[in-house]
Amino acid sequence: MTEAQLNKERSKIAKRLKKARQGLGMSQKEVADICGLTVGTINRMENGKFWLVMRQYVLICQCLGIDYLK
């Protein structure tokens, strides 16, 4: 997989998580607090500037009620 392909997938994940958060009416701070992450991490992830490790991805998905396998 090329870097460009990885970046494209990162963008898809970021958009999906941001859309879910907004759909729930949650702020980045609320998600960060529930997941035990920083607001900066949530912000950088949503803007495609941070690649989540699996633990962070699963935590955020659980917080937002997203099936992370789909």
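The legends below describe views of a predicted model.

View 1. Along the sequence the pattern reads α-α-α-α. The C-alpha atoms fill a box of roughly 35 × 25 × 20 Å along the principal axes. The radius of gyration is 11 Å, which agrees with the value near 11 Å that a compact globule of 70 residues would have. Of the contacts with a separation of 6 or more, 56% join residues 24 or more positions apart.

**View 2. Helix H4 spans residues 54–64 and packs against the other helices through its buried residues.** These buried residues are Gln56, Tyr57, Val58, Ile60, Cys61, Cys63 and Leu64. Their packing partners are helix H1 (3–23), helix H2 (28–35) and helix H3 (39–46). After H4 comes Gly65, with a positive phi near 70°.

**View 3. The largest nonpolar core holds 17 residues.** Leu17, Val31, Ile60 and Leu64 touch the most other members. H1, H2, H3 and H4 each supply at least two residues of this core, and H4 gives the most, with five.

**View 4. Val31 is shown with its contacts.** Leaving aside residues up to four places away in sequence, Val31 touches Arg21, Met26, Ile42, Ile60, Cys63 and Leu64.

**View 5. The surface of the chain exposes about 4700 Å².** Carbon and sulfur atoms supply 55% of this area. Buried residues make up 34% of the 70 residues. There are 13 positive and 6 negative side chains, and the centres of the two sets lie 4 Å apart.

Technical notes
Residues are numbered from 1 along each chain as its sequence is written. This is a predicted model: local features need pLDDT of at least 70, side-chain atom pairs count only at pLDDT 80 or more; totals for chains, interfaces and linings use all residues. Side-chain values use heavy atoms; hydrogens and water are left out. Buried means under 20% relative accessible area, exposed over 50%, partly exposed in between (1.4 Å probe, protein chains only). Helices (H or I, at least four residues) and strands (E, at least two) are DSSP runs, numbered from the N terminus. Contact means heavy atoms within 4.5 Å. A nonpolar core is a set of buried Ala, Val, Leu, Ile, Met, Phe, Trp, Tyr and Cys residues joined through side-chain atoms within 4.5 Å. The radius of gyration is taken over C-alpha atoms; the globule rule is 2.2 Å times the number of residues to the power 0.38. Accessible areas come from the Shrake-Rupley method with a 1.4 Å probe; for residues, only the protein chains shown count as cover. Lys and Arg count as positive and Asp and Glu as negative; His and the chain ends are not counted. The place of a charge is taken as NZ of Lys, CZ of Arg, CG of Asp or CD of Glu.
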